[in-house]
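This report describes selected features of one protein chain. Please look at the sequence and the structure before reading on.

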Amino acid sequence: MFAPLKSFVPRSLYGRAALILIVPIVTIQLVISISFIQRHYEGVTRQMARGLMIELRHLIDEVNEAGSLPEAEARAARVAEALEFRVALPADWSTPEDRRDFWDLSGRQLVLTLHEGLAPLSAVDLVTNDNEVRLLIATDKGPMEVAVERRRVSASNPHQLLVLMIVTSILMTIIAYLFLSNQLRPIKRLADAAEAFGKGQHIAYRPRGAVEVRAAGQAFLEMRSRIERQIEQRTLMLSGVSHDLRTPLTRLRLGLSMLSDPDEGQELLGDVADMERLVDEFLSFVRGDALDEAEEVDPLALVGRVVENAQRAGQDVTLVRAEGTGTMVLREAAVGRALENLIGNAVRYGTKAEVSVTLGERALRIAVEDDGPGIPRERREEALRPFTRLDKARNPNRGGGVGLGLTIAMDIARNHGGALRLGESETLGGLRAELTLAR
């Protein structure tokens, strides 16, 4: 029922709060202006105009009963002096038609009332002098002009009350909006702090505002503190595990290097190297980017360095497109690690890889494409799960892993408020992995 109206409703909390505040005030002003003020002034004007018509009828009768024009002028002057009129007989009236300003609401009602109740009335002029009502009246002695003070026949300056109401309403609306903005500002700060934390950034935040907003802010701070403690404890634990595992692996490598059979020793040394690589992948996955600090980085330069490092390592990687300029806040080491994993997967399962980077106003997009067998559409979500290896889809003889490369890249993207999307490369025909980071 209200679906068509949703497109006109503001999306921000400030806009909706202003709408809730302004609409009732405007509605009340319109109702009061139309239902009360207009009717009140129209009623007052009609009553005062009827009183004027009684006096005008007496004046007309005196003029009509006179035997000659001089006598009519004398009688008109005597009555006009008593009733505080200004009379001209015969009248010098250039345009015998009603004249009034279009914004003169009480004048409109005055003209209608006088014409309805005074048959000899020919024209009403409310324009020549704003403070007077000039009337052209037909008499037996010719046309007569009567001038009456405007304050005697209509409510004075009705627009002043409307202007006062409008100005006061605007002033109070501004004051209310400033107060409301002050109440909504803590909510906006809480949202900014939560959004920054979702991107892996830590900004200072202190609960302020109403009791409910302070409670929500305090809950957020406690939640952020628990998450940071958990990440720190996990990192410290894995650092210890890393040290404990590397020590026996080093002893095994030394022991194997001293074996009498070189061939058997080389095979075992290969197994030890595989174990070290698996341990590194496990630690990289669990650690994520918890130890990195977010800072202003040129993302295009970062991608260029990672591609150059891969080329020096003998990988067939090319940076085909780099668009945009500027910097953004991110964890440089983590993003570099994610890109290295994507490039490593691309050259492991294909023969070459192409990298493109685009820095927009709201996001950074890094795409890595290869010419390998790709991943079927129905298994792409599965490929992002930890410890998942799609050996049937990708060649396992080109250097197998434990299925954490894509997962590490996806976690780093999420920690930067972004995502990792898998698709099909249009240029190379293999897999297209697009890393999107919120700016």
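In this predicted model, Phe-220 has a relative accessible area of 7%, under the 20% limit, and is therefore buried.

| Ring pair | Distance between centres | Angle between planes | Type |
|---|---|---|---|
| Tyr-205 and Phe-220 | 6.1 Å | 80° | edge-to-face |
| Phe-197 and Phe-220 | 6.4 Å | 85° | edge-to-face |

The number of aromatic pairs in the model is two. Why is the pair of Phe-197 and Phe-220 edge-to-face? The planes of these rings stand at 85°, and an angle over 60 degrees counts as edge-to-face. Phe-197 belongs to helix α5 (residues 158–198) and Phe-220 to helix α6 (residues 211–257), so this pair ties together parts 23 residues apart in sequence. Tyr-205, in turn, sits in the loop between α5 and α6, 15 residues from Phe-220. With a relative accessibility of 13%, Tyr-205 is also classed as buried. Phe-197, Tyr-205 and Phe-220 make up one aromatic cluster.

Is Asp-125 buried or exposed? Its relative accessible area is 2%, so Asp-125 is buried. The side chains of Asp-125 and Thr-128 are joined by a polar contact of 2.3 Å. A polar atom of the Asp-125 side chain also lies 3.0 Å from the backbone nitrogen of Val-127. Leaving aside residues up to four places away in sequence, Asp-125 touches Trp-93, Arg-99, Glu-132, Val-133 and Arg-134. Two of these residues meet each other as well: Arg-134 lies over the face of Trp-93, 4.4 Å from the ring centre.

Two loops have backbone details to note. In the loop between α3 (69–83) and β1, Glu-84 has a positive phi near 60°, although this residue is not glycine. Glu-84 has 56% relative accessibility and so counts as exposed. In the loop between β1 (86–88) and α4 (105–117) lies Pro-90, which is joined to Leu-89 by a cis peptide bond with omega about 0°.

Helix α9 (residues 332–349) spans 26 Å from its first C-alpha to its last, close to the expected 26 Å. Of its 18 residues, 14 are buried, so α9 is largely enclosed by the rest of the structure.

The mean pLDDT is 80, and 83% of the residues score at least 70. Over residues 392–399 pLDDT stays under 50.

Terms used:
Residues are numbered from 1 along each chain as its sequence is written. Side-chain values use heavy atoms; hydrogens and water are left out. Helices (H or I, at least four residues) and strands (E, at least two) are DSSP runs, numbered from the N terminus. Buried means under 20% relative accessible area, exposed over 50%, partly exposed in between (1.4 Å probe, protein chains only). The expected span of a helix is 1.5 Å times one less than its number of residues. pLDDT is the predictor's confidence in each residue, from 0 to 100. Contact means heavy atoms within 4.5 Å. A polar contact is a pair of N or O atoms within 3.5 Å; within protein, one must be able to donate a hydrogen and the other to accept it, and residues adjacent in sequence count only if both atoms are side-chain atoms. Rings of Phe, Tyr and Trp (its six-membered ring) pair if their centres lie within 6.5 Å; planes under 30 degrees apart count as stacked, over 60 as edge-to-face and the rest as tilted. A charge sits over a ring if NZ of Lys or CZ of Arg is within 6 Å of the ring centre and within 35 degrees of the ring normal.
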